[in-house]
Amino acid sequence: MAMNGIDLASFQSGLDVTAVTGDFAIVKATEGTGYTNPCFSGHAKQTMASGKKLGIYHFIRNDVDIKQQADYFLAAAKDYIGRAVLVLDFENTTGSTIQNQAGVGLAKQWLDYVYQQTGARPMLYTGISCENTLDWSSVVAGGYALWIAQYNNYNQVAGYQPRDLYGSLKHWKSAAMFQYTSSGRLSGWGANLDLDVFYGDGAAWDSYAKASKTPTASEPAVKSAPVAGPQWVAESKTYTLSTAVKLRTGASTSAGVIATLPAGSTLKTDAAIIQGGYRWVRQPRSGGYGYLATGPVGDTLAYVKAVVAHTYYTVVSGDSLWAIAQRNGTTVASLCNLNGISSTHVIHPGDKLIVK
């Protein structure tokens with residue numbers, strides 16, 4: 001058995017959910033930490049009042065702290081938790097390019113946190129190209145279901161006409177739901193709608209909405225037993241790389257690569273740990289963290305050197321590296337190494353250089 005439905009955002013302001021056919025409606029609640037869909041409350045209430053199944057989604061961004069985004073969403077959705085399917089929308093948008101491997105790690109953080117707080121596993125929404133291209137193995141292993149989107153073209157589709165997916169999924173064995181057009185038309189609304197098919201009945205929908213475990217937030221406070229194994233230690237430091245090092249999504253050589261930082265790069269860290277044969281440090285980043293090995297356990301600072309403080313100099317017209325080095329008691333080679341300069345002749349007025 002399957003159910004048909006729509007998903008809604010502020011673009012559908014004025015739509016009456018009770019006036020269009022369908023078994024469910026999934027409504028955008030929030031985006032980032034500063035936007036709540038002004039139509040969310042009205043459309044959610046209409047959906048529940050009509051006896052249709054309700055879904056609620058959050059549009060994730062990579063420029064805002066992930067936990068704060070999850071808390072923002074949960075505050076908006078609190079009246080419907082346990083009754084509505086919770087969804088994370090994983091798409092790029094203005095100011096947030098999240099459809100990359102680092103973004104997968106951010107999505108996993110959000111999904112895990114919402115699951116811990118509610119006891120209900122959210123779904124993940126994304127397009128088939130994104131599902132095929134990125135490594136979603138950690139999300140699949142976490143038991144999070146997939147709502148997949150794919151449009152063959154933008155021709156109007158009159159009424160619910162579910163079709164098969166063109167191509168195949170790479171990481172999930174199957175999708176729980178399929179958005180097959182963004183150009184659907186239903187009686188009762190005079191503009192395009194996203195049309196969706198859910199592969200299950202009402203009981204299956206409710207199984208996604210209801211808690212499958214006791215939420216962390218409601219568990220009684222108990223004294224925790226000592227945790228075995230290596231632990232993160234708070235460490236506020238600045239490092240300069242002596243060699244190129246990969247910044248990863250986790251403290252493991254198998255974690256995804258955010259970027260390869262060149263020799264001479266500097267970064268600030270807030271914690272460190274020794275595990276997996278390396279000493280790792282954690283770099284706070286917009287929306288999460290990056291992780292970097294400072295060296296193997298036999299020489300835990302092989303890749304970096306600690307920097308207590310830097311002295312900076314701002315280049316003015318007529319400056320040369322040689323003159324700057326002479327004035328600051330250093331060498332041209334040292335300046336190049338500290339600032340990642342490959343050509344000793346290329347500096348510009350306004351450049352801020354580390355001189356020692």
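Contact is taken here to mean heavy atoms within 4.5 Å. By this criterion, residues 24 or more positions apart account for 65% of the contacts in the protein with a separation of 6 or more. The structure is a predicted model, in which local features need pLDDT of at least 70 and side-chain atom pairs count only at pLDDT 80 or more, while totals for chains, interfaces and linings use all residues. Residues are numbered from 1 along each chain as its sequence is written, and side-chain values use heavy atoms, with hydrogens and water left out.

The secondary structure comprises eight helices and 19 strands, where helices (H or I, at least four residues) and strands (E, at least two) are DSSP runs numbered from the N terminus. Along the principal axes, the C-alpha atoms fill a box of roughly 80 × 55 × 35 Å. Of the 356 residues in the protein, 45% are buried; buried denotes under 20% relative accessible area, exposed over 50%, and partly exposed the range in between, with a 1.4 Å probe and protein chains only.

A nonpolar core is defined as a set of buried Ala, Val, Leu, Ile, Met, Phe, Trp, Tyr and Cys residues joined through side-chain atoms within 4.5 Å. The largest such core has 52 residues, of which I6, I56, F90, W110, L124 and W136 touch the most other members. Helix α3 (residues 101-118) supplies the largest share of this core, eight residues. Another core, of 17 residues, lies apart from it and includes M3, A9, M123 and Y125. When neighbours within four places in sequence are left aside, L124 is in contact with L88, F90, A107, L111, W136, A145, L146, W147 and W172.

Two packed helices are described by the angle between their axes and the distance between the axes. Helix α2 (residues 66-77) and α3 pack at an angle of about 45 degrees, with their axes 9 Å apart; axes are lines fitted to C-alpha atoms, for helices over the stretch in contact, and angles run from 0 to 180 degrees between N-to-C directions. This angle makes α2 oblique to α3, since angles under 35 degrees count as roughly parallel, over 145 as roughly antiparallel, 65 to 115 as roughly perpendicular and the rest as oblique. On the α2 side, the contact is made by I66, K67, Q69, A70, D71, F73 and L74, and on the α3 side by L106, Q109, W110, Y113, V114, Q117 and T118.

V85 lies in strand β5 (residues 85-89) and is buried, at 1% relative accessibility. Beyond its neighbours within four places in sequence, V85 is in contact with L54, G55, I56, M123, W205, Y208 and A209. The C-alpha atoms of V85 and A120, 35 residues apart along the chain, are separated by 8.3 Å. In the loop between β5 and α3 is N100, which counts as partly exposed at 28% relative accessibility. With neighbours within four places in sequence excluded, N100 is in contact with F90 and L134. Its C-alpha atom is separated by 9.9 Å from that of V257, 157 residues apart along the chain.

S183, in strand β9 (residues 177-185), is buried, with a relative accessible area of 4%. The C-alpha atoms of S183 and H348, 165 residues apart along the chain, are separated by 52 Å.
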